[in-house]
Amino acid sequence: MDSTATASLASLWGEVSGTQPDPDLWVVIATLGAALAVVIPHGLWRISRNAITIAHEGGHGLVALLTGRTLTGIRLHSDTSGLTVSRGKPHGIGMILTAAAGYTAPPLLGLGGAALLGGGRITLLLWLATALLLAMLVMIRNAYGALTMLVTGGLFVLVSWLAGPQVQAAFAYAVVWFLLIGGVRPAFELQAKRARGGAGDSDADQLSRLTHVPAGLWFFLFHAVSLCSLIGGGRWLLEM
């Protein structure tokens with residue numbers, strides 16, 4: 001029995017850590033088109049942006065933990081906004097990195113995912129994403145957020161466990177394209193909202209108060225990270 005369990009674990013680990021064949025180029029292009037289709041139209045973006053909010057708030061939460069802060073909870077709201085609360089010093093490098101992690105998290109996650117897919121690590125990408133979603137679910141503190149996480153995490157679990165290799169590959173590429181493309185739009189939306197006199201307590205404004213660096217320079221950082229990630233990640237995904 002022990003030898004059987006050991007063999008099963010070894011087989012599972014081999015599948016997760018191994019490489020899978022790249023999908024056909026038409027699949028890569030089709031998933032790029034699908035990502036554009038849910039990011040560009042305003043009506044679909046209002047729905048799909050919830051997934052970007054998950055990555056945004058997850059970025060705040062992960063960096064808070066990595067910098068030694070105490071993560072107390074995450075909320076996801078139906079208007080696609082979110083809130084991550086952590087305890088620790090209200091200033092210093094930990095607070096700065098935590099505040100900066102939100103708008104940079106989705107494109108950087110997309111870039112990391114593109115690197116994995118470029119190396120043929122489709123299964124590893126899906127399992128890592130599922131693990132991160134399940135870990136984040138534990139920290140959700142409102143009903144809408146919990147429902148959003150259950151639906152998103154459940155989709156990843158179903159694809160990871162039940163779908164065939166071709167479906168897994170298409171799903172993984174679609175997710176990464178979505179993070180890369182969808183990670184570009186929120187900073188521009190926030191900048192436009194601030195220009196109209198709204199969002200006075202945005203991440204950029206908090207960073208400006210923490211660092212005495214103008215909010216405009218933080219927007220430049222957000223744009224630079226998202227656009228460079230899109231260019232670099234897109235090249236990895238399109239190299240066959």
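Visitor: Let's start with the strands. Which residue in S2 does Leu 71 stand opposite?
Guide: In a regular strand the side chains alternate between the two faces of the sheet. Here, in what is a predicted model, Leu 71 stands opposite Ser 86 in S2.

Visitor: How many bridges join S1 to S2?
Guide: Six bridges join them, and the two strands run antiparallel. S1 covers 70-76 and S2 covers 82-87. Together they make a hairpin with five residues between the strands. Look at Thr 80 in that turn: its phi is positive, about 75°.

Visitor: Now the empty spaces. How do I find them?
Guide: Rolling a probe the size of a water molecule over the atoms shows where empty space is left. In this model, the largest pocket has a volume of about 1,300 Å³. It is lined by 47 residues, and those closest to its centre are Ala 51, Ile 54, Leu 133, Phe 156 and Leu 179. Among the elements giving two or more residues to this lining are helix H2 (25-39), strand S1 and helix H7 (165-182). Helix H3 provides the largest share, 12 residues.

Visitor: What classes of residue make up the lining of the largest pocket?
Guide: There are 37 nonpolar and 10 polar residues, with no charged ones. Now turn to the second largest pocket, which holds about 970 Å³ of space. Its lining has 33 residues, and His 56, Glu 57, Ser 81, Gly 82 and Tyr 103 are the closest to its centre. This lining divides into 10 nonpolar, 13 polar and 10 charged residues.

Visitor: Which element gives the most to the lining of the second largest pocket?
Guide: That is H3, with nine residues. Others that supply at least two residues include strand S2, helix H8 (185-195) and helix H9 (203-211).

Visitor: And the nonpolar core: which residues in the largest one touch the most other members?
Guide: A nonpolar core is a set of buried residues joined through side-chain atoms within 4.5 Å. In the largest, which has 34 residues, Leu 117, Trp 177 and Leu 237 touch the most other members. H7 gives the most to this core, with 10 residues.

Visitor: What does Leu 237 touch?
Guide: Leaving aside residues up to four places away in sequence, Leu 237 touches Val 28, Ala 114, Leu 117, Tyr 173, Val 176, Trp 177 and Leu 180. A second, separate core has 12 residues, including Ile 96, Ala 187, Ala 215 and Trp 218.

How values were computed:
Residues are numbered from 1 along each chain as its sequence is written. This is a predicted model: local features need pLDDT of at least 70, side-chain atom pairs count only at pLDDT 80 or more; totals for chains, interfaces and linings use all residues. Side-chain values use heavy atoms; hydrogens and water are left out. On a 1 Å grid over the protein atoms alone, a cavity is a set of points where a 1.4 Å probe fits but cannot get out, and a pocket is an open set with protein on both sides within 12 Å along at least five of seven lines; lining residues have an atom within 4 Å of a point. Grid points are joined across faces, edges and corners, and a volume is the space filled by probe spheres set on the points. Helices (H or I, at least four residues) and strands (E, at least two) are DSSP runs, numbered from the N terminus. Ala, Val, Leu, Ile, Met, Phe, Trp, Tyr, Cys and Pro count as nonpolar, Asp, Glu, Lys and Arg as charged, and the others, Gly among them, as polar. Buried means under 20% relative accessible area, exposed over 50%, partly exposed in between (1.4 Å probe, protein chains only). Contact means heavy atoms within 4.5 Å. Two strands pair if DSSP finds at least two bridges between them.
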